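Colleague: Please take a close look at the aromatic pairs in this model. Walk me through them one step at a time.

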Amino acid sequence: MQQPCSLQKRIGFSQPGSINTHVVSGHMRFYASGKHAAQFRQTQAPRLPVLASAAPATSPALASSLSHLLSPEPLFSFTSALMVPVYGVMIFAPQSKLTRRLVQSPALLLLLGALYTVLLVQAMQAGLWQTLVSMAQALQVPPHTPDMTAVARLFCSPVITALAWVHLLMLDFFQAREVLVDGLVHSVATGHSVALCFLFGPLGLMSHMITRALSGARAAPSGEQGPGGQGSGPQPVSPSPAAA
């Protein structure tokens, strides 16, 4: 029987089932054969698929959390809690710097508008568009008036209720803002009217008109501006020396 040469003995070709090492050009290469190759494949091969599958594992959880935060009930609670301190500073500190910045900045209206858009998309997906089309078709039939029953059924949906709530919050805040600015320009008390705007909307606007009429405030000249601008509020007129 022919004996393996010394080189074969040295690099281990004559021993099946072992890991052989061969140095070529300064690099180490490993050769696996027999049961060692099977063990190598079992221990090393599964590592890549595990890493690949573990990467997107957090994505569904993040999407679920975001979907919950943008659902009707959390948005309803968030917008309600947001407007309470806003009206608080408008009622009790109408001339503070914080209030003036609040009524001058469009940030709050933009935030409410963005949340309203999110709810509107959800409402359309929930069937709002089909209901509006049905109501429009009903107007073509005598007596050509909207069906109040159909409108009332809309508010059985939580997303429609939240949509209408944010809609009212934006309208009421816009009225309260105009009342506050007009009161600052004409030095008219606005706390009670702003509170009514928060609770009953149009009643606050009516209250301010009555308050302004009873206080005898004149119409604002063209040179006068709102809070923070030049000419904010009527300037006191000092008596002339001749009149004294």
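Modeller: Start with Tyr87. The model is predicted, and in it Tyr87 has a relative accessible area of 2%. Buried means under 20%, so Tyr87 is buried.

Now look at the partner of Tyr87. The ring of Tyr87 pairs with the ring of Phe198, and the two centres are 4.2 Å apart. Their planes stand at 25°. Planes under 30 degrees apart count as stacked, so this pair is stacked. Phe198 has 28% relative accessibility, so Phe198 counts as partly exposed.

Tyr87 lies in helix 5, and Phe198 lies in helix 11, which covers residues 191-200. The two are 111 residues apart in sequence, so the pair ties together separate parts of the chain.

The structure holds two aromatic pairs. The other one joins Phe76 and Trp165. Their ring centres are 5.2 Å apart, and the planes are at 40°, so this pair is tilted. Phe76 sits in helix 5 (residues 72-92) and Trp165 in helix 10 (residues 158-186). That is a link between distant parts of the chain, 89 residues apart. Phe76 is partly exposed, at 33% relative accessibility. Trp165 is partly exposed too, at 32%.

Finally, check the loop between helix 10 and helix 11, where Ser187 is placed. Ser187 has a phi near 55°, a positive value in a residue other than glycine. Its relative accessibility is 58%. Exposed means over 50%, so Ser187 counts as exposed.

Terms used:
Residues are numbered from 1 along each chain as its sequence is written. This is a predicted model: local features need pLDDT of at least 70, side-chain atom pairs count only at pLDDT 80 or more; totals for chains, interfaces and linings use all residues. Side-chain values use heavy atoms; hydrogens and water are left out. Rings of Phe, Tyr and Trp (its six-membered ring) pair if their centres lie within 6.5 Å; planes under 30 degrees apart count as stacked, over 60 as edge-to-face and the rest as tilted. Helices (H or I, at least four residues) and strands (E, at least two) are DSSP runs, numbered from the N terminus. Buried means under 20% relative accessible area, exposed over 50%, partly exposed in between (1.4 Å probe, protein chains only).
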